[in-house]
Amino acid sequence: MVKMIVCRMLFIGLVFLLVDTPAFAAGIEAVTVTTGKQGAQTYTVTIQILALMTLLTVLPALLLTMTSFTRIMIVLSLLRTALGTGQAPSNQVLLGLSLFLTIFIMMPVFEKVNTDAIQPYMEEKIDVKVAIEKASEPFRQFMLKQTREADLELFVRISGNAEIQSMDNVPFSLLLPAFVTSELKTAFQIGFLIFLPFLIIDLVVASVLMSMGMMMLSPMIISLPFKIMLFVLADGWSLIMEMLAASFYVS
């Protein structure tokens, strides 16, 4: 299931990147067959494959910035910093958790893209241009729903484009940076709220240690067990996962 979703995401990002490429519309020739004087054949990889591999290196960054991954990863990183646990959980754990939570949140978008664009294209019911239009629409709706109007107006003003009449006419070149900016703002707002209870524990522990004259003892050593205990007793991981998912569904 995960492999199928990843393949679909690769297809979506690839058609976005190659939307204006004439070679893609005509079909990419992977191998050129050259016949020699004595009938021998040699196979030469064309320059189009090199361009395709170059685009694939940009594809992960493009897909991650068009989904909920950015907000989730930042919030989880700020949570680890607020707990003060160093590298626990590790970056690999946070990355994997963010990836699969992103798949869970984005599944309605992926299913719609698969139903409306990928499957009809694979069955040759629609051409590439129509498939791109149908595949981009669910992502556009998702990104517009999470993008602040102020951020979108900012990039419209910077670009000098005053001809946008409605949200449906916003190009991806403006929508994508506005969406990422909004996601960064939202992630840091959530991170601030997460920091508050742990900050209170640090302040209380530091005040108690100072009143007892233990100024040489680091407050972090004493406050860390209390913060972990508070987080565990409050079922913190479930609350964080629920809050992150709800922040996309209800916003």
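Helices are DSSP runs of H or I with at least four residues, strands are runs of E with at least two, and both are numbered from the N terminus.

A quick word on what we are looking at: this is a predicted model, where local features need pLDDT of at least 70, side-chain atom pairs count only at pLDDT 80 or more, and totals for chains, interfaces and linings use all residues. Residues are numbered from 1 along each chain as its sequence is written, and side-chain values use heavy atoms, with hydrogens and water left out.

Back to α6, please. The helix bends by about 25° at Glu137, and the proline Pro138 follows within four residues. That bend is the angle between axes fitted to the seven residues ending at a position and the seven starting there. Several residues of α6 are buried, among them Val128, Ile132, Phe139, Arg140 and Gln146. Buried means under 20% relative accessible area, exposed means over 50%, and partly exposed is in between, using a 1.4 Å probe and protein chains only.

Now zoom out to the whole chain. You can count 10 helices and 2 strands, and from the N terminus on, the elements run α-α-β-β-α-α-α-α-α-α-α-α. Of the 251 residues, 37% are buried. The accessible surface comes to about 14,800 Å², with 69% of it belonging to carbon and sulfur atoms; these areas come from the Shrake-Rupley method with a 1.4 Å probe, and for residues only the protein chains shown count as cover. Look also at contacts, meaning heavy atoms within 4.5 Å. Among contacts between residues at least 6 apart in sequence, 69% join residues at least 24 apart.

Next, how many salt bridges does the structure hold? There are 4, where a salt bridge is a side-chain nitrogen of Lys or Arg within 4 Å of a carboxyl oxygen of Asp or Glu. Let me show you some of them.

Arg71 pairs with Glu183 in one, with the closest N and O atoms 2.6 Å apart. This pair links distant parts of the chain, since Arg71 sits in helix α4 and Glu183 in helix α8 (residues 172-211), 112 residues apart. Is Arg71 buried or exposed? Arg71 is buried, because its relative accessible area is 2%, and Glu183 is buried as well. Leaving out residues up to four places away in sequence, Arg71 touches several residues, including Gln146, Ile190 and Phe248.

Asp151 and Lys185 make another salt bridge, at 2.7 Å from N to O. Here Asp151 belongs to helix α7 (residues 149-159) and Lys185 to helix α8, 34 residues apart. Asp151 is buried, with a relative accessible area of 2%, whereas Lys185 is partly exposed at 38%.

Then there is Asp202 with Lys227, at 3.4 Å from N to O. That pair joins helix α8 to helix α9 (residues 219-233), across 25 residues, and both partners are buried.

One last stop: Leu64 in helix α3, residues 47-65. Leu64 is partly exposed, because its relative accessible area is 31%. Leu64 and Val180 are 116 residues apart in sequence, and 9.8 Å apart in space from C-alpha to C-alpha.
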